[in-house]
Each structure stands twice: as C-alpha cells, then as structure tokens.
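This report describes the strand pairing and the nonpolar core of a single protein chain. The sequence and coordinates follow.

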Amino acid sequence: MLAKTFLLRNGLVSRCFSSVTLKTLKVGDVLREARVFSSDDVKSYAEVSHDWNPLHFDQELARKSGFEDRLVHGMLVSSMFPRIISSHFPGAVYVSQTLHFRSPVYIGDEILSLVQATALRETKNKYIVKFSTKCIKNHNELVALDGEATAILPSLEMLHPSPSE
C-alpha cells in the first residue's frame with residue numbers, strides 16, 4: 001500500500017492512496033473541514049501578517065468594543081478554504097475569493113468550513129472550478145463568513161473525499 005503521511009499542526013494525518021477509490025468532483029459536491037482556532041494560532045497569524053489589532057489580543061478592549069471576547073482574524077478563518085481545496089486537489093491554484101464577514105469568530109469557537117462546487121469548466125487539460133464558500137460557528141448554523149472562490153485544478157479526481165461523501 002502506497003501511503004504518504006503529512007505532519008500537520010494539529011497532528012498526523014495518513015493518506016493511503018492505493019486503497020482509496022478516487023471520486024470525480026461534480027457540481028454540488030461539498031468538501032468540509034472543522035477547526036478550533038487557539039490563541040497560539042492568532043499570535044502566529046499576527047506575526048506573519050503584522051496585524052496586531054488589539055481586538056485580537058486584549059479581551060477587555062474587545063468587550064468594550066461590543067464583542068464577547070478576543071477575535072480571530074477574519075483572514076485566518078478564510079484561509080481554511082484554500083487549504084480544503086488543495087488537500088483534495090494537490091497542485092490547485094487559488095485564483096480568487098470574495099468574502100463577506102457575517103459574524104465574529106472568537107478564540108475557541110469551532111468552525112466548520114464548507115466548500116461547494118458550483119461550476120466546472122475544462123480548459124487546456126485543466127479545470128476552472130467555482131466554489132461557494134462558507135464558515136459556520138459552533139454547529140449552530142450561524143454563518144461567520146461566506147463568499148465565492150475560483151481555483152484551477154489539475155484534475156477533478158479527489159484524493160480523499162470528505163467522510164460524508
């Protein structure tokens with residue numbers, strides 16, 4: 001069995017390609033991933049982005065500003081979309097993303113990110129795919145952010161379909 005193991009920040013994930021039946025992406029397919037953002041995630045993102053807005057670090061200021069707690073950077077939350085796409089389609093090129101920030105995400109919130117194929121077009125042996133994108137908070141259907149993304153995929157064959165597929 002041919003296996004590749006990737007060390008991710010949250011632990012080991014083993015992908016066994018030879019024993020997995022590949023699935024072809026089609027319009028309507030949904031890819032998903034859940035994640036809880038930590039204080040360390042927010043700090044690491046701030047170090048890379050240089051976004052040190054105190055709403056991400058000062059609980060008292062965040063509350064005085066009308067929030068329940070410290071905020072996770074919206075762009076950090078939205079980074080789940082290209083991660084989902086590239087994990088299913090290695091070599092994918094992310095070409096656009098629109099975002100609408102609907103509800104704040106707080107450190108410790110569980111975020112379910114959904115990426116749904118809405119249009120597919122073949123061009124020069126590659127595929128241009130448009131996706132609707134959405135992040136939902138804490139299993140309560142409250143949308144934290146949504147939008148649309150476009151990616152160029154080398155193939156429509158998914159390496160590992162989501163568990164619900």
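In this predicted model, strands S6 and S7 run antiparallel and are joined by 12 bridges. Within this pair Ala-119 stands opposite Lys-130 in S7, and in the hairpin that S6 and S7 form, where 2 residues lie between the strands, Lys-124 adopts a positive phi near 50 degrees.

The pair belongs to an open sheet of 5 strands, arranged in the order S4-S6-S7-S8-S5 with antiparallel pairing. Its edges are strand S4 (30-36) and strand S5 (93-101), each of which pairs on one side only. Averaged over the sheet and with direction ignored, neighbouring strands are turned by 20 degrees against each other.

| Strand pair | Bridges | Opposite residues |
|---|---|---|
| S6 and S7 | 12 bridges | Ala-119 and Lys-130 |
| S5 and S8 | 8 bridges | His-100 and Asp-146 |
| S4 and S6 | 7 bridges | Val-36 and Glu-110 |

Which residues touch the most other members of the largest nonpolar core? Among its 27 residues, these are Leu-25, Val-77, Val-129, Phe-131 and Leu-153. Helix H3 (74-78), helix H4 (80-88), strand S6 (110-123), strand S7 (126-137) and strand S8 (142-153) each supply at least two residues of this core, and S8 gives the most, with 5 residues.

For Leu-25, once neighbours within four places in sequence are set aside, the contacts are Phe-89, Ala-117, Leu-120, Val-129, Phe-131, Leu-153, Leu-156 and Met-158.

Notes: Residues numbered from 1 in each chain as written. Predicted model: local features only at pLDDT ≥ 70, side-chain atom pairs only at ≥ 80, totals over all residues. Heavy atoms only, no water. Core = buried A, V, L, I, M, F, W, Y, C linked by side-chain atoms within 4.5 Å. Buried < 20%, exposed > 50% of the residue type's maximum accessible area, 1.4 Å probe, protein only. Helix = DSSP H or I, 4+ residues; strand = E, 2+ residues; numbered from the N terminus. Contact = heavy atoms within 4.5 Å. Pairing = 2+ DSSP bridges. Axes fitted to C-alpha atoms, helices over the stretch in contact; angles between N-to-C directions.
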